[in-house]
Structures are given as C-alpha cells and as structure tokens.
Amino acid sequence: MNAYWNSFETLLGLGVEPGDLTFTQISLRGIIVFLVALAAVRLGHKRSLSRKTPFDAVLLVILAAVLSRAINGSARFFPTLGGGIVLVLIHRLFAYMAFYSHGFGMLVKGTPDVIVRDGQCDLDVMRRNHVSMHDLDEDMRLSAHTDDLSVIRLARVERSGDISFIKK
C-alpha cells in the first residue's frame with residue numbers, strides 16, 4: 001500500500017516545489033481539480049452558474065482562485081481540494097438560510113431597487129445603481145420590447161443586476 005501511495009505522490013508531484021512540477025503532474029492535477037470542481041458545483045446546485053448574482057459570483061471567483069492553487073502547486077493538494085468543497089457547502093448553507101430567512105437573504109443577496117415608477121425615472125436610485133439613461137433605454141428595448149418609457153409601470157434593478165420591466 002505504501003508503494004502505491006509513493007507512486008501516486010510522484011505522479012501528482014505531491015511535496016514537490018511548484019517550479020519543479022512537470023507538465024504531466026500539472027495536467028493530472030488539472031484533471032483531478034476539474035473533476036472535483038465539477039462534482040462540487042453539482043453539489044452546490046445549478047444556481048451557482050445560472051443566477052448571476054454577486055452571491056453566486058463570489059463563490060465562483062473564490063473557488064477558482066482556491067482550486068488553481070492545487071493545480072499550480074502553490075498550496076497543498078488535498079487540503080486545497082477540501083477547502084474548495086467547504087466553500088461550496090458554505091454557499092449552499094447560505095442559500096438554504098436565505099430561503100428560510102428573508103432578512104438573511106437580503107443581507108447576502110441584496111434587494112431590488114425601483115428605478116422607474118409610472119413612466120418616471122428615479123435618477124437618484126439610478127445613479128446609486130450605476131444605471132445610465134442609455135443603459136435603461138437599452139434594457140427597455142431588449143427586455144420590454146419598447147422604447148417608450150411612458151408605457152413602463154415599474155422597472156427594477158434586480159438582485160442579479162438585471163433590469164426587469166412591468167408594462168402598464
């Protein structure tokens with residue numbers, strides 16, 4: 001068993017300085033990290049890739065940063081993989097808590113902001129959300145299929161950053 005582990009260590013370059021890793025070792029590490037990341041994201045559910053919220057984007061950015069260290073050898077391999085899985089589990093836990101607690105959901109996911117009410121823009125809220133009139137016009141054309149602000153009853157900057165429209 002010890003001989004098997006030693007060959008596994010050699011194959012992955014465990015305990016080797018990052019600069020001394022071979023192409024094969026980095027490639028094998030990349031394959032393993034890819035499979036672990038795929039399993040972890042599937043464990044975390046589809047939403048982490050589809051919702052586009054800052055809550056979900058933070059997971060993806062940090063997960064990528066952590067797991068890249070396992071590939072390039074700048075951190076220990078298995079503890080780094082474990083840390084990535086813990087991040088996904090924390091994300092899943094927060095999503096679960098946000099489902100059952102509206103206040104917690106607002107804390108981690110934010111709240112939507114109304115930027116148009118009855119065809120009138122709220123420029124202060126638009127400025128706070130970094131939405132220009134050009135952005136509003138573009139989203140109105142693409143999402144509401146109109147270029148006439150007077151037909152919009154309500155427009156919100158949603159938690160994802162997308163703008164939703166309700167026509168009169």
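This tour goes through the structure stop by stop, naming what to select and what is found there.

The model is a predicted one, in which local features need pLDDT of at least 70 and side-chain atom pairs count only at pLDDT 80 or more, while totals for chains, interfaces and linings use all residues. Residues are numbered from 1 along each chain as its sequence is written, and side-chain values use heavy atoms, with hydrogens and water left out.

**The sheet**

Begin by selecting the four strands of the open sheet, which has the order β2-β1-β3-β4 with antiparallel pairing. At its edges are β2 (120-121) and β4 (163-167), each of which pairs on one side only. Strands here are DSSP runs of E with at least two residues, helices are runs of H or I with at least four residues, and both are numbered from the N terminus; two strands pair if DSSP finds at least two bridges between them. Strands of a sheet pair through backbone hydrogen bonds, either parallel or antiparallel.

Now select β1, residues 113-117, which is joined to β2 by 2 bridges in the antiparallel sense. R117 stands opposite Q120 in β2, and V116 stands opposite C121 in β2. The two strands form a hairpin with 2 residues between them, and D118 in the turn has a positive phi of about 50 degrees.

Next, move to β3 and β4, which pair in the antiparallel sense over 5 bridges. I152 has K167 in β4 as its bridge partner. In this hairpin, 5 residues lie between the strands, and G161 takes a positive phi near 100 degrees.

Select R127 and D124, whose side chains meet in a salt bridge at 3.0 Å, N to O. The structure holds 1 salt bridge, the term being used for a side-chain nitrogen of Lys or Arg within 4 Å of a carboxyl oxygen of Asp or Glu. Because R127 and D124 are 3 residues apart in helix α7 (residues 123-128), they are separated by about one helical turn. R127 counts as exposed, at 56% relative accessibility, where exposed means over 50% relative accessible area, buried under 20%, and partly exposed in between, with a 1.4 Å probe and protein chains only.

**Helix α5**

Finally, select H91, which lies in helix α5 and is buried, with a relative accessible area of 5%. If V58 is selected as well, its C-alpha atom is separated by 9.4 Å from that of H91, the two residues being 33 apart along the chain.

Then turn to Y100, whose place is in helix α5 (residues 77-100) and which is exposed, with a relative accessible area of 58%.
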